[in-house]
Structures are given as structure tokens and as C-alpha cells.
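Reader: I have a structure open and a few things to ask about it. Can we go through it piece by piece?

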Amino acid sequence: MERKINKVLLLGSGALKIGEAGEFDYSGSQALKALKEEGITTVLVNPNIATVQTSEHIADSIYFLPVTPYFVEQVIKKEKPEGILLSFGGQTALNCGIALFEQGVFEKYNVEVLGTPIRAIMDTEDRELFVKKLAEIGVLAPRSIACTNMEEAIKAAEKLGFPIIIRAAYALGGLGSGFCTDADELDKLANKAFAYSKQILIEESLKGWKEIEYEVVRDRFDNCITVCNMENFDPLGIHTGESIVVAPSQTLTNQEYHKLRKISIGIIKHIGIVGECNVQFALDPDSEDYRVIEVNARLSRSSALASKATGYPLAFVAAKLGLGYGLHQLKNSMTKTTSTFFEPALDYIVCKIPRWDLNKFKGVSKQIGSSMKSVGEVMAIGRTFEEALQKGLRMIGQGMHGLVGNKDLIIENFERELSEPTDMRIFVIAEAMNHNYNAEKIHELTGIDLWFIQKLENIFETRRELLKFQNLEILPDELLLKAKKQGFSDFQIARFIYNETKDLTESLLKVRKFREAKGIKPVVKQIDTLAAEYPAQTNYLYLTYGGLENDVEPAGKDDSIVVLGSGAYRIGSSVEFDWCSVNALNTISKSGLKSIMINYNPETVSTDYDICDRLYFDELTLERVLDIIEFEQPRGVIVSVGGQIPNNLAMRLMKVGVNILGTSPESIDRAEDRHKFSNMLDKMKVDQPEWIESTSVAEVLDFANKVGFPLLVRPSYVLSGSAMNVVSNESELEKFLTLAANVSKQYPVVVTKFFEDTKEIEIDAVSKNGEIIAYAISEHVEFAGVHSGDATILFPPQKIYVETARKIKKTTSQIAKELNITGPFNIQYLAKNNDIKVIECNLRASRSFPFVSKVLKINLIEMATKAMLGFDVKKPDKSIFDLDYIGVKAPQFSFSRLHKADPVLGVEMASTGEVGCLGRNYNEVILTAMLSVGYKIPKKSILLSSGTIRSKVELVNSARMLTQNGFEIYSTLGTYEFLNNEGIKTRLVPRPDENYRPHVIDLIKEKKFDLIVNISKDLSEEELNKDYLIRRTAVDFNVPLITNSRLASAFIHAFCEMKIEDIAIKSWNEM
Amino acid sequence: MGTVNKCKLLLEDGSVFEGQSFGYEGSSAGEVVFNTAMTGYPESLTDPSYKGQLLVLTYPLIGNYGVPAQSAENGLEKFFESNSVHISGLIISDYSFKYNHWNATKSLGDWLKENKVPGIFGIDTRELTKRLREKGVALGKIIFNDNDIDFYDPNIDNLVAKVSCSEKTIYGNGKYKIILVDCGVKNNIIRYLLTFDTTVIRVPWDYDFTKDEYDGLFLSNGPGDPQMCSVTIKNLRKALEIDKPIFGICLGNQLLGIASGANTYKLKYGHRSHNQPVLMSGTERAFITSQNHGYAIQDGTLTDGWEPYFINLNDGSNEGIRHKSKPIFSAQFHPEASGGPTDTEFLFEQFIDLVKKWKEK
């Protein structure tokens, strides 16, 4: 190092989105930790307020600002860092860094890019340069032709011959990529890809080849290691983010493994990476022929997975290498004695499985392919593939119990489902086996390596054997043990033995008792990076039936506290619960107790083994949690910081005698069970929307006649509104009743009167023994009807009556007392004219806890955890609630990845992430937040197309303001006339069905508009279909889109009343 | 998968591990050793260094890609490290009865049966490894149907004599004549040497090569205690008196050390993996290496004219020596890999370069 580095700027990845999720919170947090250890002052730019990295004590200065060249330059100007780290914030940070470099910003402010030089990054990002680089060292890449227009693309495809694959350069997680089998498909896809990127690649198709990845590390002394390799279960053609992935590779010989390893190292040396990179290979299943598909010159989702899979802290090490260390100069943080320059040896197999939430979207294509749609993932650890896979399939949390023993799937066409996979692919394979498809046939149709299919057959075979026994007593021990070694849960076994499909809690406990009496129990094993070659004191643990002895003793009987984590990231439950979990763990440790974490999400900080005293990387099922509790004998279990999964376990855990800390499970049940909750509210004389609980369609129709439409239909246990829907008429109501009934037979359907012109207000609070200690009231910008997870939320509230706030506080206190709450909770209210109605109450931390905690600068989870542990918690001074600034939380959507999905907001949550920004006034926070989630201030043209009169009225002022500020407004007929009557001149554009060209869709494709505001009248199918094309085209052509009039109005006011330069560059602690 | 028979592994200390058979069903005794490599069972099983040993693989899923066919190339087995399976038994956690690979012709179990080597699965190999690592050396036996046999310590035998070739064999027809002293050489060493312009003259471990005409001397890997090879050491001492290039690997490294006057000692924790980090002394260059040894040269006992060449980054033990002025060096690890990483394959080139230089002189 020539220059002493005292201050380093790290770029985060912003809001969670498909292709860029929690993994970057994990890698950024590790990097910041590594810098801190060196005494370096750290500055972080990341508007994602729910992350762990944007917490106190992690970075020295945190800017909740957009990760865009403009803002980052302002921060550089102000903070004057000597160095910058670009590879810890995903593609967002990398792209921003490249832009800054190209603009000469680093040179201007004398900022050194630490780690991989920017030239090397650019060599990997530009396909043409990349392929050239590989050719220089004789490494094969897919034959590929770079194209900048359609004509070139057609020529290239002709040259290579179909099928071909299209890739867009500089794109997140395969955005705009896909396979084309003919010229028509090419035309469609290439056009779309050009919307994202000036350059696209036409490549030879390697469909059916194995997909293998290596995580490679290099230091400035040219020392290299491959930390891990991974093999995709699905063959090439399915994005690695969409594929089941195992580590290490399973079907590669030593020769193949080391051939690819050697090439990986050759590449990283030649490109000159300093830090970490990921090399993706295609490997011919019938020879040793290979191609290098891609190199990511940064930490990635795969590197987070590799870190968790091996115990090797890739991001931490990469940050140290960026500072100039050599791998051989650092110690393995797992063993503390051995070197960081080594390659972990695993004595287990890990299996990553993606989590999709496609059911939440209207119209989305369920097929999986070369671009990523999954919103989260799980990692399962086992000592057989069967064990890891079945664990993983339970972990994804979509009601599956493993490969087999699930609800019957109805498959119309096996051949098609197998060869054109959807999100249900693995279960389709199981069902195909049930229909006598043999391994070879399935292999042929899916392209999945026969070895994997044969393993699935083993599971299927064991199921067949289990089905032969109708009671436990005659079940042979050997078969039971074999099933457990193959990852069968007690639930699955109970289902096969008792042949029942209903709730089997009792039966599974019977199986548990039976097998424990036989001594068939799982053992606790350590992940130590060295496969037991040297002794290592590690706290990174998993459970398996593939062993006889535990590696560890219990952490401390009665002195330990178990925290249940949040599982796979999904829509409605993501990084915010990781923040809550991490803060609960910190509080436990600070209290002198041992913290034990159970979670299985590789994208999280809570599954970092140095965040707790003990990490169980394992399932959050009743069975597994009980296994761990029986082994550890903890003082108690915290179920209220990990979202809905632990919350749902509370009652069942209590029933078998587990000590649940904080609010009692009975109270949780009283809040979760709508019937009980509503009765309670009635008794307390607290108002709520009219509702009915029923399983009878007739009864519901009666109710509808009484209260009128629209109505909200939902099942009683709610996770971000699964199967929840607004119905506007009778036929819709009948349709959704069937849908909701399929979600959960155990609980009846609840139908509620749905309110529209009403404000929605939330309160997040902490109580102890029924008394509120701290609270935060926040207000939605949008009116009720937009899911709270998709709403733009203001805190402190700016536009609610004092009386409303007082009423909310009072009612909340009453509820806290009635339910005797100890710990975190959240209540959602509707408010109109100072009347309030309770719509939901969760006796657990909510999504907004990190947001309000950070705005308030009071850690509500720390308080809640102390309360749950029984410690004294002081009420904070009242003055602390009197803030000189405001915060806004805004949603991030990933519609562009969800092919065909209607980008409209409704009661189903659709956002994949969020940001939280602070500012001095309403306009400033709204503008900062909107820019943070990817909106741009329009340059000239805006399309307005508004549904109801109400939304038209709402937008009149905005339209006037736009005109006054020199913007050009385009509008569709109704809006045109309305605005014209108001004296606002706009340009009329025909809708596609009006038979004029160019119509609105043509203009969107021509990038005529800088912003599109499209408000649908209501959520009925007919109405939504009308403008679907406008919204979808906007998303497909990367044009900013707003579908809510209140939000549109807020945004328009903000950018008309202030300029980007007016946004203060202030860090969190300067607020 | 048919019926699977039970069998068990007994250790000298009385511990018993029950498992099931997937190989030849006959009791077998030997020294129990482990390796933490995640790939390369065909290579390990045919590595002569494992002679007399019951091999525990810590990676639990074994047999996935079957076993390739025998096929000779340049007089060497193409996919194996020697002409036969050398281990006395294989101990694993999870066996893949079904396998899949384009290059496979039979299952691991069938291969073991052909070679009359038992295989046992269903073992808690992690627990077993933890015990083995603390013991250093442990004798064990795989027992079928209570057909008990005696423990057997292979180290009392001259294993090198068992695995070395019985007569001189010549490979290639190149410019540089390399004498390869076969103490149990792995085929990949010969393959590497043959990639250069060489004639490789493979001679038995006790062959007196000092009278032969050669340009470079290679000392191979091999099983057991280096002190058993006193004849080789004696020959080597003579070779050290002249300045011809010498390169030794693993056992060859220890023999060179002893011949030069240094001592060897037993490591507290042996190196048995594909992920051993070594640093080239006096540089910042580090390499990942494949290793399988319990003994090492004691750094402090190196005699005049010798220096450490490599050191282990985990425990600081010696990983190779070199002569300060003569073209002589050796490595404790396996630059020929197979299985394992190929980071240090450059040592072969380095050796040949020295040979060239010597010859030009």
C-alpha cells in the first residue's frame, strides 16, 4: 500500500430486489467489520434502512441516499475518503462505481478503488472484452457475437444457428436474457434486451450442459484459492438463482473438478482480481469439454452461499485483501489458528433451494428459465443428498413437507411440465415418479443429471416402503432410521403410516415419541472448514441423522436463549426480520446470556456464526426446534423477532412445554385468530371493519349484500396476505372463496368490508407486562387498500389529526393491556374523520421496526428483548419523540423480472424490498426515497392516465404544477378531457384499442415518456385488464411507473418544488 | 439395490462402528487413516502410499461417479495411479449404489469386490476421524459375520518393497534420462515427467542407480516409515555427492532429508487432505497442495548447505527442502496431485529445467 488508508467509503446495494437481496447486507456488513478491525473510519451509502449494515456501530457514517453516481459523488466530496469498495453492494454498487470512474470522479477526489481494479471489473462486465481476455489464455467461452441493433442480432443468430441465447450486458441477474429457438422469439427477446442495455450478446446454446460455479479468491501477491465449488441440480438454461444448487459438486470426477479449478485460477490471475470473484462454467455431461459462462468480479449471491456452505468468510477476507493483505497473512476465523489461505473441506452436503412467490402476482409466467424470478433461498445441510434436499424443501416454506408426502399435485401434461419447468419443478418430478416415470425418462425430459434423479428415487422408494405399514409398532427400526437419514420428517412418516391428510401435529408427536424411545435421534455436528482434520472450536452447527455422536455439549443449560429466525426471504418477510433477529441476539449476549440462533437463510447476517454464541443452521419446524431445545435445554425461546414463521410455532411449542419468552402464545393466538380477536375488540368497544368468518359461500353472499362491495377475502392466518383478495362483485367473490379455501383447510375464510378513501396508520410498539414502553406511529401516503408492505410510510406522521393519534395511542394501550403484551407488536388502523378502526394486530416485530427504530434512534428490538428477558426497561424520555426530521419508507418492486406480471398494487404485497430515507421536510424525503428505489426525475414528458374521478381530482394540482414547470403532459382520453376542463392542456394519446398509430404502447417503446402515471379505477379484473398493457410495457421498457394517485402526486410535488441538488447530503448521525 | 449385509469396524481401543457392506465381504485389518478430500476416490484407492491401510473418507457421499474402465496409455493406467487397488478397506458414510458418469463402467462397490477389498458405509466418519486425528495411528479391522481376525500393523512390514516395481521399466524416448526410484510411485508423476523431452527409467526401490548413466534423479512417494528404506538412503547418499539434479516427493522428500543428515518426526496432526496450504520460504507465494503424511522433516535439523523450501501455513511444519547451491530439492506434498489441486505442478518443469541446465554444462 502506497498510501495510508484512513477512511473508506462502501457502497451498498440499496433496496432488496430480485437478483440483489440480503446477500449484500451480509457481505457489506462483513466488509465493514473487517475495516473496523483495522481502525479504518467507514462511510456507507445505502438507503436500505432495514439492513444490519445500516445499524449503529457497524459503519461510522451512514447515508440513507440512493446508490447513484450523483449522490455518491456528493458523499465523496463531503467525506473525502481515501478508498472506496465497490464489490460488496452487488451490481448496483459495481455499476455506480464504473460510472463514477468513467466520469473521472475517483481521479478528481483522489479516491483509490480498493481491491479489484476497475479496469479488471470492466473486462468482466463487457462481454466482448471478457471473451477476448479469456481467449488470451486459451480459455473457452461460448461462441458469442455482440450486437448493438436488431439487424446485427439477426445476422449473428443466423451465423451461430438456433437455438441461441440472448444476454444483456451490464444487467442484474440475467435481466433481459433468454433462449430463442427461432427468429420470432429472437425478435421479441432482443427488443426487450435492448431496452436494458445498449449491447446484447447472441450466444451458442449449451442447454443441457452441467452448470458449475467456483468461488475464487486472489490476493495482490497472486496467491489464489477456490473456496468452494457448486453444482446446479438443474442443467444450464435455468438461471443459477432459479436452480437447486449443491456444494460441493457431486457428479464431477477429480479430473473435472481440478480442471475447472485450474481454469478458474488462471482466469482470476489473468484478469487481475484482488478479492473475490465467481466463475460459472458449463460442463459437457458427456466429455470434459467446457465453456466459461460468466465471471462476476464482485461478491455475489453465490459467494454468500459459499461462505455459509463452507464457513469461509469470503466478504470479510475480500475486504482485507482490498487493504493489501495476503491470504497467507490472515487467520482462518473459524479455527483461529490455521491460515486463511486454504480451501475448506466439507464433510456434509449443502443444498440451496430457491423460494418463489409467483402466486402473489397477477398474470406472471410460472416458467423458470434463464432469468431470475426467485425472491429468496434456503440452504439445507445434511450428510446425504436426500437429507439436505428434503430439509430444504420444508425450509422454503410453501407448505411442502419434503419431496414426498405433500398434497397431491394435479399435472395435466407430465412431458411438458418436465421439459418446460416451472417453480413446481421438483414436485413435478416426484409426482412423475408416482406415475411410473423412471429415472432415465425423467433425466431425458429434464436434463437433470441421472445421479440426482436416482437420489430422488431413493426417497420415493422409501416412501413406498413406509406406506406398507399402517401402524408405528410394526415399523422396522431400520426402515425408520433409513427414512430419517434420508431427511424424512416425523410429519411425513406420520402421514404415510396413518394415511391422513389433515393436520398431523398429534401424530407427528407420536412418531417422535416412538423413535426417541428407540434411540433414533439426530446428532449435532459442527461446520469447521476442515472436516475434523484439526480440532476446531466452532459454534456453527447443524443436525443430521448421518452420525452417532454430538460434536458439542449444550451451550449452557438455563443460561441460553433461543431466537427463532425468519427463514427464507419472501415477499412480506425479509431483511427487516434479520435486523430484528440480530438485535435480539446482541441484546441477549450483552445481558450475559448465551444466544442461540436457529435460521437457514444463507443471505442473512443472523446466520453469521460470529453474531451469536451458537448458530444452528437448520429447520424452523416444530420437530427440529424441539430437537434443538431438547438438546440445549435453554431458559426460553424468543418467537417474536423472526416474522410469521416463529409466530406460528409459538402455540405448538408451548403445548409441549417449551418456555416462550414475552407475550404468551395464548395471547398470540387471540390476536392471530380473527374470531377471537374480533370478539375481544367488540368487548373492548374498539371499532373494526365489519367482517364475517365462514366456510359457507351462501353465508358470505348474505354478508356481502348487507355491507356492500368491495370486500376483502382472506384466510385467518395471514402472511402478507396470502390468497387475500379484494372482490368487487359476486362472481369474483365466489371465485376467490374457492382459491382461499385451497390455501388452508384448517382455518375458515374471513371476509371483511374493504375501505378505500381512508387513511392507514400503523403503530409499532414495545410493551412490558401489558404496559407500553415505547411506540412509533406512522402514516401511509397511499390510502387504505395498498398492502402495508407496499405502502410509502411516513414517520413521524405529517398529515394526521392530533386527536387521531391520541385515539390510536389509547386504543393501543388498551389492547396491550388486554393481551398482556411483553415484547414487540404492531397494530394497523384505518382512520377517517378521527374515527379509527383496527384492521390487524401482530404480537411480534413488524416489517417497520428497523425503520422506526432508526428514525427514532431508539432500538425498539433491544428494548423488546430486554422486556422479554425480564429485565427492567426504562421508558425513553418523551422529548426523544420530538424529531427535527422525518423519515419515509418506500417500497421497491421487481416487476421487470416477473415476466408478464401486472405491476399494479393491491392487497397482496408485491414489493421485494424497501428503502428508508431521512430529510428535513416531506418533499425532501419523498424525493430521496423515490430516487432510491430507482425513479428518476423526468426530463420532459409524462404520461397521465387516471381511472376514477377521485384520482383525477387528486392529480389536477400535480398536472398544473407539471405544466407550470415546463413538463409536457400526455394523457389518455378520459384524463385528457378532465384536465382540459380544468384548463390544463395535455397531448392526447390513443389507447392501443383505439386503432390510431402511434398509440400509447408505441410511444412507450420509443421511450417517449420519462414517467408514466397509470391509475386503475378499481381492482376488478376487467378494469385491470384495460391498462395492463400500458403498465407492463412501461416495466418491460424500463420506464418509471406509478400506479397510485396519492404517491404520484407526492412525487410530482416533490420534484417540482425542489431539485436534486437541494437534497441535503447528511448522514444519519447528522440528523 | 438387493440385500445389504451388516459389518463392523473395530478399533484397537475397543471402539466399534457398525455399518453395512458395499464391497468385498471378507474381514480385513490394517492401519486406519483418513483423508478429507472431496473428490478422487479412484485415484486414492490406487495410490500405493495407502498400502495396508483402511481408508476413511470424510466426505460423506462416495461412489457418485462410479469407476472408469482400465485403459493403458504409454504403458500406464489412464485413470488410476497404479495397476491395482492398494487400500485394505474403505470406510465411508453414504454410498451411492447408483452412479452416473460418461467415463464410468462400473460401480465403486463392484470394483472393490473385484479387488477383494471390503467397503463399509453408514459410519459416522466425522466422529471416527476425530478419534483418529487424536490417536495419530490407529489399527483397525473390518469384520464380517463375527469372522474375527487379528489386528495388523502394516508399518512393521517393508511396504515400499511390496509396492515398488520388481524390475527396471522404461517410458518414453526423450533427450533427458530421468532415473525414477519407485518406492510406490503414482502414475501421474510419470505422466508429468513424460510431458517433457524425457526418458523415464523406473527402477526398484533398492536398485543401485549410482552406476547408471542419467541426467536427473527422481525420488517417488510411497507408503510407510522412511527408515525402512535404508538401501535407498544409502544409494541416495552416494548420489548427493555429485551435483546431478534430484527431485523428491513425499516419501522421497523424507528420504532426501534423512540422506542429507536431517531428522524426521511424527506430526501431532497428520496432513491428510487436498487443501494443505504451503508457503515457499522467503517469498509471499502460497499454494494449495494435496497431502497424505504423518511424518515430517524437522526444520532445525537441516544440515549445512540445506534450507527449508516450503512450510505449512497451518502448523508451520516443513513441507520441502532444497540445497543452497546444488540443483536438489524436494516437496513433502504432492505436486502431481491426482487427486487434488495442481498449483505446484510447476515443480516438474523446474526439475526438468535444472536437468537441462546440468546437461548443457
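Author: A word on terms before we start: contact means heavy atoms within 4.5 Å. Also, this is a predicted model.

Reader: OK. Which residues does A:E417 touch, leaving out those up to four places away in sequence?
Author: By that rule A:E417 touches A:I411, A:T422 and A:V428.

Reader: And where is A:E417?
Author: A:E417 belongs to helix α13 of chain A, residues 414-419.

Reader: How far apart are A:E417 and A:K513?
Author: In sequence, 96 residues separate A:E417 from A:K513. In space the distance is 40 Å, C-alpha to C-alpha.

Reader: Helices next. At what angle do α1 and α11 of chain A pack?
Author: The angle between α1(A), residues 23-37, and α11(A), residues 314-322, is about 45°, and their axes are 8 Å apart. That makes α1(A) oblique to α11(A).

Reader: Which residues make the contact?
Author: From α1(A) come A:S27, A:Q30, A:A31, A:K33, A:A34 and A:E37. From α11(A) come A:L314, A:A315, A:F316, A:A319 and A:K320. Sorted by class, the contact of α1(A) with α11(A) has 6 nonpolar, 2 polar and 3 charged residues.

Reader: Is that crossing left-handed or right-handed?
Author: α1(A) crosses α11(A) in a right-handed way.

Reader: What about α21 and α22 of chain A, what is their angle?
Author: Helix α21(A), residues 622-632, packs against helix α22(A), residues 644-655, at about 55°, with the axes 11 Å apart. α21(A) and α22(A) are therefore oblique to each other.

Reader: And who is in contact there?
Author: A:L622, A:V625 and A:L626 on the α21(A) side, and A:L649, A:R652 and A:L653 on the α22(A) side. The contact of α21(A) with α22(A) counts 5 nonpolar residues, no polar ones and 1 charged. The crossing of α21(A) and α22(A) is right-handed.

Reader: Different topic. How many aromatic pairs are there over all chains?
Author: The count is 43 aromatic pairs over all chains.

Reader: Give me one. Why is the pair of A:Y970 and A:F1009 called edge-to-face?
Author: The ring planes are at 70°, so the pair is edge-to-face; the ring centres of A:Y970 and A:F1009 are 5.2 Å apart. The cut-off for edge-to-face is over 60 degrees.

Reader: Where do the two sit in the chain?
Author: A:Y970 is in strand β35 of chain A, residues 968-971, while A:F1009 is in the loop between α33 (1000-1005) and β37 (1011-1015) of chain A. The pair links distant parts of the chain, 39 residues apart.

Reader: Are A:Y970 and A:F1009 buried or exposed?
Author: Both A:Y970 and A:F1009 are buried.

Reader: Now chain B. How are the rings of B:F218 and B:F247 placed?
Author: Their centres are 5.2 Å apart and their planes are at 90°, so B:F218 and B:F247 form an edge-to-face pair. B:F218 is in strand β17(B), residues 216-219, and B:F247 is in strand β18(B), residues 246-249, 29 residues apart.

Reader: Is B:F218 buried or exposed?
Author: B:F218 is buried, at a relative accessible area of 0%. B:F247 also counts as buried, at 0%.

Reader: Which aromatic cluster are they in?
Author: One that includes B:Y192, B:F287, B:Y309 and B:F310 along with B:F218 and B:F247.

Reader: Last one. What is the peptide bond from A:F162 to A:P163 like?
Author: The bond from A:F162 to A:P163 is cis, with omega near -5°. Another cis peptide bond joins A:R997 and A:P998, with omega about -10°.

Note on methods:
Residues are numbered from 1 along each chain as its sequence is written. Chains are lettered from A and ligands numbered from 1 in the order in which they are written. This is a predicted model: local features need pLDDT of at least 70, side-chain atom pairs count only at pLDDT 80 or more; totals for chains, interfaces and linings use all residues. Side-chain values use heavy atoms; hydrogens and water are left out. Axes are lines fitted to C-alpha atoms, for helices over the stretch in contact, and angles run from 0 to 180 degrees between N-to-C directions. Helices (H or I, at least four residues) and strands (E, at least two) are DSSP runs, numbered from the N terminus. Angles under 35 degrees count as roughly parallel, over 145 as roughly antiparallel, 65 to 115 as roughly perpendicular and the rest as oblique. A crossing is left-handed if the near helix is turned anticlockwise from the far one by less than a right angle, and right-handed if clockwise. Ala, Val, Leu, Ile, Met, Phe, Trp, Tyr, Cys and Pro count as nonpolar, Asp, Glu, Lys and Arg as charged, and the others, Gly among them, as polar. Rings of Phe, Tyr and Trp (its six-membered ring) pair if their centres lie within 6.5 Å; planes under 30 degrees apart count as stacked, over 60 as edge-to-face and the rest as tilted. Buried means under 20% relative accessible area, exposed over 50%, partly exposed in between (1.4 Å probe, protein chains only).
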